[in-house]
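Welcome, and thanks for taking a look at this protein chain. Have the sequence and the 3D view open side by side as you read the briefing below.

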Amino acid sequence: MIDLFQDIKITKGYNRSLLQDLTKGKFELISNEVFEILNQIKTYNSLSECLLKNNEYEAELLNLKALNIFNECISEDNIFPAINESNLSSSHFQSITFNLSIFVIDYIKNNIEILSKLTQNIFLVVSDIESEFFLFLSDYLKENQHVRIVFCGNKSIVKEIGSFNESCDFFCDYFEIEELENKEVYLNSFPSLHNNYLLYNENKNYNSGFYEKLYVDQKGNIGINIYDNLNLGNIQNFHSSEDFESLKLKTEYQELINIKIDDIAVCNLCEFRYL
């Protein structure tokens with residue numbers, strides 16, 4: 001990886017590289033050949049000299065000029081320190097995903113105040129329309145707009161939820177999932193790539209798949225990821241922020257969240273690994 005300057009980072013992948021503008025939240029793909037040129041950029045006295053010696057890649061280099069990467073001092077420092085208590089998110093967890101069932105719905109309704117303090121992002125995997133539950137969420141969100149609800153379900157369910165929510169003035173996000181049991185199809189349902197300092201810091205020091213994430217299945221069993229076999233307990237025994245916070249002390253939880261993305265085979269070759 002190259003730290004060009006404070007907000008421009010370039011991550012090398014197996015076949016190509018990714019230039020990230022963390023301030024603007026933008027990114028663009030570049031060739032690995034241009035990555036190597038930029039890795040030696042401080043050896044040139046000017047942009048003209050760089051272009052002259054690398055005329056084969058002149059067009060690609062000039063396209064990057066819009067990001068002003070040649071007009072700034074190149075940072076030698078890593079400006080992203082390890083995550084600690086001083087720069088963690090104020091929420092206890094970045095997101096909690098619930099695979100809805102009658103049991104899980106009852107738990108959410110009875111513990112919504114605690115959950116809204118634990119995280120600002122609640123993902124709900126939905127297979128049926130639960131009008132009463134949606135009305136409950138709608139009423140709660142009107143007074144608690146810091147919470148983001150994301151519904152995940154197949155196209156027909158998501159469309160139906162969307163129509164219902166429009167009539168109730170209920171704001172939320174949606175992801176279409178056609179086959180929850182099919183891991184590849186499920187993962188391909190989330191094509192969006194987000195680029196900012198928080199995500200970069202998280203992925204540089206940990207990994208976005210596990211770090212400060214929780215997943216609750218239809219029986220209430222708690223894991224980290226929808227496809228892991230981890231069982232950290234059952235939500236029927238969790239009724240306070242302290243109960244959930246205690247999960248972070250479990251050895252199996254610590255082992256997973258402390259895996260760096262650069263230490264995961266295949267992931268460490270992906271140019272998108274810090275998004």
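Let us begin with Glu212, which counts as buried because its relative accessibility is 6%, under the 20% cut-off. Please keep in mind that this is a predicted model.

**Glu212 and its surroundings**

- You can find Glu212 in the loop between α8 (197-205) and β9 (213-216).
- The backbone of Glu212 has a phi near 55 degrees, which is a positive value in a residue other than glycine.
- Gln94 is in contact with Glu212, and also with Thr119, Asn121, Glu202, Tyr211 and Lys213, leaving aside neighbours within four places in sequence.
- Gln94 itself sits in the loop between α3 (58-63) and β5.
- With a relative accessible area of 17%, Gln94 is buried.

**The chain as a whole**

- The protein chain has ten helices and ten strands.
- Of the 275 residues in the protein chain, 45% are buried.
- Take the contacts between residues at least 6 apart in sequence: 63% of them join residues at least 24 apart.

**Helices α4 and α5**

- How are two packed helices described? By the angle between their axes and the distance between the axes.
- Helix α4 (residues 102-118) packs with helix α5 (residues 131-143) at an angle of about 15 degrees, and their axes are 11 Å apart.
- That angle is under 35 degrees, so α4 is roughly parallel to α5.
- The crossing of these two helices, α4 and α5, is right-handed.
- On the α4 side, the contact is made by Ile105, Ile108, Lys109, Ile112, Glu113 and Ser116.
- On the α5 side, Glu132, Phe133, Phe136 and Tyr140 make the contact.
- Sorted by type, the residues of the contact of α4 with α5 are six nonpolar, one polar and three charged.

**More about α4**

- Helix α4 bends by about 80 degrees at Asn111.
- The buried residues in α4 are Val104, Ile105, Tyr107, Ile108, Asn111, Ile112, Leu115, Ser116 and Leu118.
- An α-helix has 3.6 residues a turn, so residues three or four places apart point the same way.
- What covers the buried residues of α4? The cover includes β5 (95-99), β6 (121-125), α5 and α9 (241-245).

- Phe123 belongs to strand β6.
- Phe123 counts as buried, at 15% relative accessibility.
- Although Phe123 and Cys152 are 29 residues apart in sequence, they are 7.1 Å apart in space, C-alpha to C-alpha.
- Val216 belongs to strand β9.
- With a relative accessible area of 1%, Val216 is buried.
- Leaving aside neighbours within four places in sequence, Val216 is in contact with Ile96, Thr97, Phe98, Asn99, Asn221, Ile222 and Ile235.
- The C-alpha atoms of Val216 and Ile235 are separated by 7.8 Å, and the two residues are 19 residues apart along the chain.

- Asn225 lies in the loop between β10 (222-223) and α9.
- Is Asn225 buried or partly exposed? It is partly exposed, with a relative accessible area of 24%.
- Asn225 touches Gly209, Phe210 and Tyr215, leaving aside neighbours within four places in sequence.
- Asn225 and Ile96 are 129 residues apart along the chain, and their C-alpha atoms are separated by 9.7 Å.
- Leu256 is in helix α10 (residues 251-257).
- Beyond neighbours within four places in sequence, Leu256 is in contact with Asn207, Phe210, Ile224 and Leu230.
- Leu230 is 26 residues from Leu256 along the chain, with 9.9 Å between their C-alpha atoms.

**Val266**

- Val266 lies in the segment after α10.
- Is Val266 buried or exposed? With a relative accessible area of 66%, Val266 is exposed.
- The phi of Val266 is near 75 degrees, a positive value in a residue other than glycine.

Conventions: Residues are numbered from 1 along each chain as its sequence is written. This is a predicted model: local features need pLDDT of at least 70, side-chain atom pairs count only at pLDDT 80 or more; totals for chains, interfaces and linings use all residues. Side-chain values use heavy atoms; hydrogens and water are left out. Axes are lines fitted to C-alpha atoms, for helices over the stretch in contact, and angles run from 0 to 180 degrees between N-to-C directions. Helices (H or I, at least four residues) and strands (E, at least two) are DSSP runs, numbered from the N terminus. Angles under 35 degrees count as roughly parallel, over 145 as roughly antiparallel, 65 to 115 as roughly perpendicular and the rest as oblique. A crossing is left-handed if the near helix is turned anticlockwise from the far one by less than a right angle, and right-handed if clockwise. Contact means heavy atoms within 4.5 Å. Ala, Val, Leu, Ile, Met, Phe, Trp, Tyr, Cys and Pro count as nonpolar, Asp, Glu, Lys and Arg as charged, and the others, Gly among them, as polar. The bend at a residue is the angle between axes fitted to the seven residues ending there and the seven starting there. Buried means under 20% relative accessible area, exposed over 50%, partly exposed in between (1.4 Å probe, protein chains only).
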